[in-house]
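Hi everyone, thanks for coming.

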Amino acid sequence: MSKSNDSAAQQPEQVEVRLAKPHTHKGQLKQAGETITVTADRKAWLKAQGVVEAGTQQGESSNG
């Protein structure tokens, strides 16, 4: 096994989210409607703050 495989396994899962309002991400101001990549934990926090839109992760659907 290589070290790169071991370190990749330790990386948290990344998800793409669409911003519902302006937000500074990695030191850059992003506008509503733009997408950013964050960890699942960070997505949950941003969602609770109303910063990201619901249903933006791949596989989620707004069709009930």
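I'll start with the overall layout and then turn to a few residues.

A quick word on where this comes from: this is a predicted model, where local features need pLDDT of at least 70, side-chain atom pairs count only at pLDDT 80 or more, and totals for chains, interfaces and linings use all residues. Residues are numbered from 1 along each chain as its sequence is written, and side-chain values use heavy atoms, with hydrogens and water left out.

So, the layout. The protein has two helices and four strands, and the order along the sequence is α-β-β-β-β-α. Helices here are DSSP runs of H or I with at least four residues, strands are runs of E with at least two, and both are numbered from the N terminus.

How much of the protein is buried? Of its 64 residues, 19% are. Buried means under 20% relative accessible area, exposed means over 50%, and partly exposed is in between, with a 1.4 Å probe and protein chains only. The protein exposes about 4,900 Å², and carbon and sulfur atoms supply 44% of that; the areas are Shrake-Rupley values with a 1.4 Å probe, and for residues only the protein chains shown count as cover.

On to contacts, meaning heavy atoms within 4.5 Å. Among those between residues at least 6 apart in sequence, 42% join residues at least 24 apart.

Now for the salt bridge, which is a side-chain nitrogen of Lys or Arg within 4 Å of a carboxyl oxygen of Asp or Glu. The count comes to one. Which residues form it? Arg 18 pairs with Glu 53, and their closest N and O atoms are 4.0 Å apart. Arg 18 sits in strand S1, residues 14-18, and Glu 53 in the segment after H2, so the pair ties together parts 35 residues apart in sequence. Arg 18 is partly exposed at 37%, and Glu 53 is partly exposed at 32%.

Next, please look at Thr 37, in strand S4, residues 35-39. Thr 37 is partly exposed, with 38% relative accessibility. Beyond its neighbours within four places in sequence, Thr 37 touches Gln 14, Val 15, Glu 16 and His 25. From Thr 37 to Val 15 the C-alpha distance is 5.4 Å, across 22 residues of sequence.

Last stop: Asp 41, in helix H2, residues 40-48. Asp 41 counts as exposed because its relative accessibility is 67%. Its C-alpha lies 9.0 Å from that of Pro 12, 29 residues away along the chain.

That's my tour, and I'm happy to chat.
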